[in-house]
Amino acid sequence: MSRTALRICPLCEATCGLTLTIEEGKVTRARGDRDDVFSQGFICPKGAAFPAVDGDPDRLRTPLVRVDGELREATWEEAFDAIAAGIRPVVERYGPNSVGVVLGNPNVHTMAGALYPPLLIAGLGTRSLFTASTVDQMPKHVSSGLLFGDAGAIPVPDLDHTDYLLLIGANPLESNGSLCTAPDFPGRLKALKARGGTLTVIDPRRTRTARLADRHIAVRPGTDALLLAATAYTLFDEDLAAPGALTPHLHGLDELRVALRDFTPEAVAGACDVDADTIRALARELAAAPTAAVYGRIGSCTVPHGTLASWLVDVLNILTGNLDRPGGALFPQAATDKTPRPAGPGRGFALGRWHSRVSRHPEAKGELPLSALAEEIDTVTDEGEPVRALIVVAANPVLSAPDGNRLDQALDALDFMISVDPYLNETSRHAHVVLPPPPPAQSPHHDFAFNTLAIRNQVRYTRPAVPLEPGRMAETEILARLILAATGMHGADPSAVDTLVIDQTLGKAVKDPNSPVHGRDPKELAGLLTGENGPERRLDMMLRLGPYGDGFGVRPDGLSLARLLDHPHGIDLGPLRPRLPGPLKTRSGKVELLPEPIAADLPRLRAALDERADGLVLVGRRHLRSNNSWLHNVPALTGGSNRCTLHLHPEDAERLDVRDGMHVRVKGAGGEVTLPAEVTDSVRRGVVSLPHGWGHDRPGTRLGHAAKEPGVNVNQLLDGSLLDPLSGNAVLNGVPVQVSPVAAP
């Protein structure tokens, strides 16, 4: 007998609502939920493959503990006993920074990954934190922190209402969007064009998104910041800069004009390989559009000037008066955001509060570069202890960080390692303990992070579609028990973790004059919380204290968990609205247009005016049916266009004597790989393209399907030395490589 259940899809940032068919405790079908208030029935190939992802036979079902050098199945009690015995001696002998924590991208796709890792890091007291952000979006966090005083204040394009959309380094027809949560991003772009709007795409590849565009500018990889700086210069030079209503909220407008004076279209044209007239036309189009939004993503972040490019995206939105207005770029307001504070000066945003031990990389948003993880483990210096123990939660840095071979060897040298991962993959195979979370259908879901980036304010929550199988443990409980075992409280009731958070949060809220519960009794408030478990009670608390919440009875029509459960398809909270100066937390209380770290980095950008790439440079590639390294074990999501090949322009192929399908050797600073070439004019001359997340050929993994066609690890071409200095983000695009034909293996 079959039944249906609702589930928000956790496989990309679009967060589409799904209707699952359940038969005998297994998910057998997934289709779009037409009644979902946000996605309205849209589904992509990843969502359609949810049953295969959920039921992958290679998912681990029980913990693994290393005994006599081998990972063996163990009970949950044995696993947490081993963690307490392995991690505490390291902390007590070498100090908290000797324990590293690595958080991967899937953490933001689960409730547990949002609620518990911050408590783990705080409980350990470690500064050795590494996440997927520094191989992805950290430049955007840093630029937002410097501009707005809050690294989480990221404006998103108002896709459904804008007249002109400029995309740089973004391919949402393949990625479904990133740092911009928008179900059916492709349909929204087509709707933009259908209503007479204009789409411009800046990308060295003619992607599916670029083919849809009215204008495609095939910029030379790595020169995004130069192109954007020249566009901003033109707005000033031709008196097109018109911030309008934003002007009272801006600080440093005149200084910005002076700082950009060297970046004329003529000056940047050679470096960007984009003629000056095109750059000026771009600026004029942005200025003339009734509304416009500039949106940059991973292609503009993972380059040498990633923070400057991210900063300039918002500078263009500001100079054209399109920040914080409908049709432009606006700040979302999520249901679980903290109660908005009164507008005014804040604490600001600081960089470099501490540094990595070996290469002295400054922290950004409390994180050190993932590129530095290997050296922080394998290098001894006089600057404190190396990382001797590692806790890895939903991350696979052997494939996602530069120079995986070095990291592979470094992980083997650790005193102790824990992986929270459903797979025995290229990284978790090194662990002393592996803790497998259950499949997504057996977990609840609320999007804490992505709702802060959504193009429409809404809130949704789905309970587990399928009960936990016998022997499984909820991911929330796994992480709660991990916190207790790692911080010296092994054996305590895991519910104590949630109770502690609730007590602390409510204790602060009642003392906050801006809170709806100011002056009330926190114990009374805790008694009013509903939910079947600690995570649900925490969600109830966050909803009730949030900007749309009921304030524990102050606003009877406000949000609570009970009200949300009464709306299984979600609650629409309305379109994005102007919010300035509310989101600003800078010391001036204004948008800081030219913060000191940005000004100090501009000379490096000026030096790039004279740089030219000799030979080939490498860029990445997105696949619609993939997401980093964790979906290649699902047959329905591999094959077809989702293949690990090297895209090469026909003229470059002819010069190198490479034919389509021939194997080629690609060599970079970190190593070399061999794979088939795919000759295509979808890349510009001088550029080659490789997808990321592949390289499933290491021994000791249990990824049966992925190992059949393992592909190669693009990050092995990098040695980890190239970073954007402000954010610590790895430079993954515009990297010099050498390509040569080889005989077929």
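## Surface and overall shape

The chain exposes about 27300 Å², and carbon and sulfur atoms supply 50% of that area. Accessible areas here come from the Shrake-Rupley method with a 1.4 Å probe, and for residues only the protein chains shown count as cover. This is a predicted model, in which local features need pLDDT of at least 70 and side-chain atom pairs count only at pLDDT 80 or more, while totals for chains, interfaces and linings use all residues. Residues are numbered from 1 along each chain as its sequence is written, and side-chain values use heavy atoms, with hydrogens and water left out.

The chain holds 26 helices and 26 strands; these are DSSP runs numbered from the N terminus, with helices (H or I) of at least four residues and strands (E) of at least two. The chain's radius of gyration is 25 Å, close to the 27 Å that the globule rule gives for 745 residues, so the chain is as compact as a globular protein of that length. That radius is taken over C-alpha atoms, and the globule rule is 2.2 Å times the number of residues to the power 0.38. Along the principal axes, the C-alpha atoms fill a box of roughly 65 × 65 × 60 Å.

## The inside of the chain

Of the 745 residues, 61% count as buried. Buried means under 20% relative accessible area, exposed means over 50%, and partly exposed lies in between (1.4 Å probe, protein chains only). Among contacts (heavy atoms within 4.5 Å) between residues at least 6 apart in sequence, 73% join residues at least 24 apart.

In soluble globular proteins, nonpolar side chains tend to be buried together. A nonpolar core is a set of buried Ala, Val, Leu, Ile, Met, Phe, Trp, Tyr and Cys residues joined through side-chain atoms within 4.5 Å. Which residues of the largest core touch the most other members? They are Leu226, Leu260, Phe263 and Trp311, in a core of 60 residues. Beyond its neighbours within four places in sequence, Leu260 is in contact with Ala229, Ala232, Tyr233, Phe236, Trp311 and Leu312. A second, separate core has 52 residues, including Val65, Phe80, Ala480 and Leu559.

## Helix H12

Helix H12 covers residues 265–272, and its buried residues include Pro265, Val268, Ala269, Ala271 and Cys272. The cover over the buried residues of H12 includes helix H10 (224–237) and helix H13 (276–288). After H12 comes Asp273, whose phi is positive, near 60°.

## Two buried serines

Ser356 sits in the loop between strand S14 (329–330) and helix H16 (373–378). Is Ser356 buried or exposed? Ser356 is buried, with a relative accessible area of 1%. Its side chain reaches the backbone nitrogen of Arg360 at 3.2 Å, which counts as a polar contact: a pair of N or O atoms within 3.5 Å where, within protein, one must be able to donate a hydrogen and the other to accept it, and residues adjacent in sequence count only if both atoms are side-chain atoms. Leaving aside neighbours within four places in sequence, Ser356 is in contact with His361, Leu368 and Glu376.

Ser128 belongs to the loop between helix H5 (117–124) and strand S7 (129–131), and is buried at a relative accessible area of 7%. A polar atom of the Ser128 side chain lies 2.7 Å from the backbone oxygen of Asn97. Outside the four places on either side in sequence, the residues in contact with Ser128 are Asn97, Val99, Gly100, Val101, Leu368 and Val387.

## Backbone details worth a look

Most residues other than glycine have a negative phi, and most peptide bonds are trans. Glu24, in the loop between strand S2 (17–23) and strand S3 (26–32), has a positive phi near 50° and counts as exposed at 78% relative accessibility. Gln40 lies in the loop between S3 and helix H1 (45–48); its phi is also positive, about 50°, and at 58% relative accessibility Gln40 is exposed.

The peptide bond from Leu580 to Pro581 is cis, with omega near 5°. Pro581 is in the loop between strand S19 (571–575) and strand S20 (591–592).

## Cysteines

How many disulfides are there? With a disulfide taken as a pair of cysteine sulfur atoms within 2.5 Å, the count is zero. Cys44 is in no disulfide, and the nearest cysteine sulfur, that of Cys12, is 5.2 Å away. Cys44 is buried, with a relative accessible area of 11%, and Cys644 is buried at 9%.
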